[in-house]
Number of protein chains: 2
Amino acid sequence: MTEAIDVDLAGRRLRVGLDVGGTKIDAVAVTPEGDVVARLRRPTGWGAEAVVDTIASTVTALAGEAGIDAAAVSSVGIGIPGLVDVTTGRVLHAVNLGVESLDLADRVADRLRVPVHVENDVKAAALGAAAMREIDGSMAFLNLGTGVAAGIVVDGVIWRGSRGTAGEVGHLSVDPNGRLCSCGQRGCIETLCGGGALARAWAVPGALPVLDILDAAERGDVGARALRADLFNGAAAAVRALVLSADVERVIIGGGLTALGDRLLSGIRTALQAGAEASSFMRSLHLDDRIELLPAGSPAAAFGAALVGAATPLKEIVTHG
Amino acid sequence: MTEAIDVDLAGRRLRVGLDVGGTKIDAVAVTPEGDVVARLRRPTGWGAEAVVDTIASTVTALAGEAGIDAAAVSSVGIGIPGLVDVTTGRVLHAVNLGVESLDLADRVADRLRVPVHVENDVKAAALGAAAMREIDGSMAFLNLGTGVAAGIVVDGVIWRGSRGTAGEVGHLSVDPNGRLCSCGQRGCIETLCGGGALARAWAVPGALPVLDILDAAERGDVGARALRADLFNGAAAAVRALVLSADVERVIIGGGLTALGDRLLSGIRTALQAGAEASSFMRSLHLDDRIELLPAGSPAAAFGAALVGAATPLKEIVTHG
Ligand SMILES: [Zn+2]
Ligand SMILES: [Zn+2]
């Protein structure tokens, strides 16, 4: 049975954004002026039902954190990995969440009775990073996490491309003799600078293998030095690919590998400078000046999700009883 | 001395477009309905003065060819290699024309007393190819000539990017151990599928070395087979780079290497299919279905230049006497 419920939107002011990752949800509450007034991180559930449950309970808990009633939430935006149909809010193949197919926007809207929009997590993070860094023109957000992907934002709007693969530079091959990628190709950028590929190549257990690689490289370990070079060269190749194809003005680097901090940024910068040394064409692009790093733990992804949610037209919410 | 001349634009109907290459100018006259009513090819002059002279005389000759008075030309658009400032119509570093710096739009407008717009040749060709193939969404024009570069058109508008390097996929390195590129890097896509790089690697004189390479490869020559694989794999890499970054819907292949005809198209298609065989992700992109080849000798570049010229606002022409 379907019943239309007339929802009074008056007094609803806070936009909530959630970045739903494989292990945790990062959620923020944002004022209409763009200030983050509350933030909460919680473990993500596994499977469709648990994902809906944890999203709904996180929004309620976040409202409590912000000292407001859950009814004061005006919109919810969700950034989530996998294939997202932004029109319907349906998510497909979010494999690291145990979700094969889920009408996420409808399900969460039913529970919370607020407008809900869903976006691919990297694209949402790109929007958030562009907004937080106040970038007007074109930019790419290069996510260095377990995998590698970028989102492109032009004039404050997510650049989708024709079939949703804009920014998928992680699976460009830059070495025909490189390591085998999970996608089946050899030498993808992701095999060089993806946290998952580096951890597999390092093959020593640890909480953050890429950090161990950098430490071992500094102690002179030859294998670690080669992997460190891969990390920096791979990220530099991603920056080049984004500038030489879409010609974004800036590349903002985010994702889990930002835990490496300045060692990551200066390593990528040095790799770009070495490339510029060899090539006057590369030199003319000033790529080393066009990159920046988000601080570790930046709420950019959740903030971007809040922006995605706020774009929801104010409409009647239809519940499926 | 500068003098404003009031030009009567009534009766001026034909748009002229010129594709100025290193050896020849290809010029077309186009009706407001988009029909090419005349076409002329002439040798290009060397150096700034000769370039201006040959462009002006080609427009006059083309008008004659079309059976109209030169005064019936409503606009002139010029596609030319090198760095083009589309606002001022100035051209820099068109090295294969012997032009270091030239106020091309002003100089030609002075001579012909019509509005003149100038555009980078590959970008103009991209616009022409998109128009001739009636592509509404996003596309890239991949120019396989002496060098390799692409132009991107989205919804009928040239995608410029932030600094004019959108589509410069020819200088993406896809092999750290590859041949040295003229740009100073190793393994650029252009070293694999650029006509100049292939001719240097083949090192046997001939009118069209890339055609000789394909013929020798079919006779079983081992070196030629390796270069043939480079050609097809390099072009396939360019297609992947364009789709995985800007996510254009279609890639139209043009340039001098289209003289190879179906052998070129089917070779690139086979390379894309081989890549898709190894990777379900690549398979999902259906890249082999998304490419097409311009016929050899297509007027797309000159036609695109005519479109660029037609965008000229009707304004008073100022001559510098
Ligand atoms: Zn891959
Ligand atoms: Zn190069």
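## Zinc sites

The site of the zinc ion (ligand 2) is tetrahedral, with angles of 104 to 122° among its four donor atoms. (Four donors count as tetrahedral if all angles lie between 85 and 135 degrees.) The atoms doing the coordinating are B:H171 (ND1), B:C181 (SG), B:C183 (SG) and B:C188 (SG), at 2.0 to 2.3 Å. Donors here are N, O and S atoms within 2.8 Å of the metal (3.2 Å for Na, K and Ca), and since water is not among the atoms, sites may look incomplete. Along the sequence, the donor residues of this ion follow the spacing H-x9-C-x1-C-x4-C. B:C183 counts as buried at 9% relative accessibility, and B:C188 is buried too, at 0%. Buried means under 20% relative accessible area, exposed over 50%, and partly exposed in between, using a 1.4 Å probe and protein chains only.

Over in chain A, the zinc ion (ligand 1) takes A:H171 (ND1), A:C181 (SG), A:C183 (SG) and A:C188 (SG) as its protein donors, 2.0 to 2.3 Å away. The four donor atoms subtend angles of 104 to 122°, so this arrangement is tetrahedral. The sequence spacing of the donor residues reads H-x9-C-x1-C-x4-C. A:C181 is buried with a relative accessible area of 7%, and A:C188 is buried at 0%.

## Where the numbers come from

This is a predicted model, in which local features need pLDDT of at least 70 and side-chain atom pairs count only at pLDDT 80 or more, while totals for chains, interfaces and linings use all residues. Residues are numbered from 1 along each chain as its sequence is written, chains are lettered from A and ligands numbered from 1 in the order in which they are written, and side-chain values use heavy atoms, with hydrogens and water left out.

## Two copies

## Helix α1 of chain B

Helix α1 of chain B (residues 48–66) has 19 residues and reaches 27 Å from its first C-alpha to its last, close to the 27 Å expected at 1.5 Å a residue. That expected span is 1.5 Å times one less than the number of residues. Helices (H or I, at least four residues) and strands (E, at least two) are DSSP runs, numbered from the N terminus.

The buried residues of α1(B) include B:V51, B:I55, B:V59 and B:L62. An α-helix has 3.6 residues a turn, so residues three or four places apart point the same way. The buried residues of α1(B) pack against β2 (14–20), β3 (24–30), β4 (36–43), β5 (73–80), β8 (99–103) and α2 (104–112) of chain B. After the helix comes B:G67, with a positive phi near 75°.

## An open sheet in chain A

Five strands of chain A form an open sheet in the order β12-β11-β10-β13-β14, with mixed pairing. β12 (157–158) and β14 (291–293) of chain A stand at the edges with a single partner strand each, so one side of each is left without a neighbour in the sheet. Strands pair if DSSP finds at least two bridges between them. Strand β13 (residues 250–254) of chain A runs parallel to β14(A), joined over three bridges, and A:I252 stands opposite A:E292 in β14(A).

## A few single residues

A:C193 sits in helix α4 (residues 189–193) of chain A and is buried, with a relative accessible area of 0%. Beyond its neighbours within four places in sequence, A:C193 has contacts (heavy atoms within 4.5 Å) that include A:L144, A:V148, A:L198 and A:L257.

Most residues other than glycine have a negative phi. B:H93, in strand β7 (residues 90–94) of chain B, has a positive phi near 55° without being a glycine. B:R113 also has a positive phi, about 55°, although it is not a glycine. B:R113 is placed in the loop between α2 and β9 (116–120) of chain B. B:H93 counts as partly exposed at 41% relative accessibility, and B:R113 is partly exposed at 40%.

Notes. Tetrahedral: all angles 85-135°; square planar, octahedral: opposite > 155°, others 65-115°.
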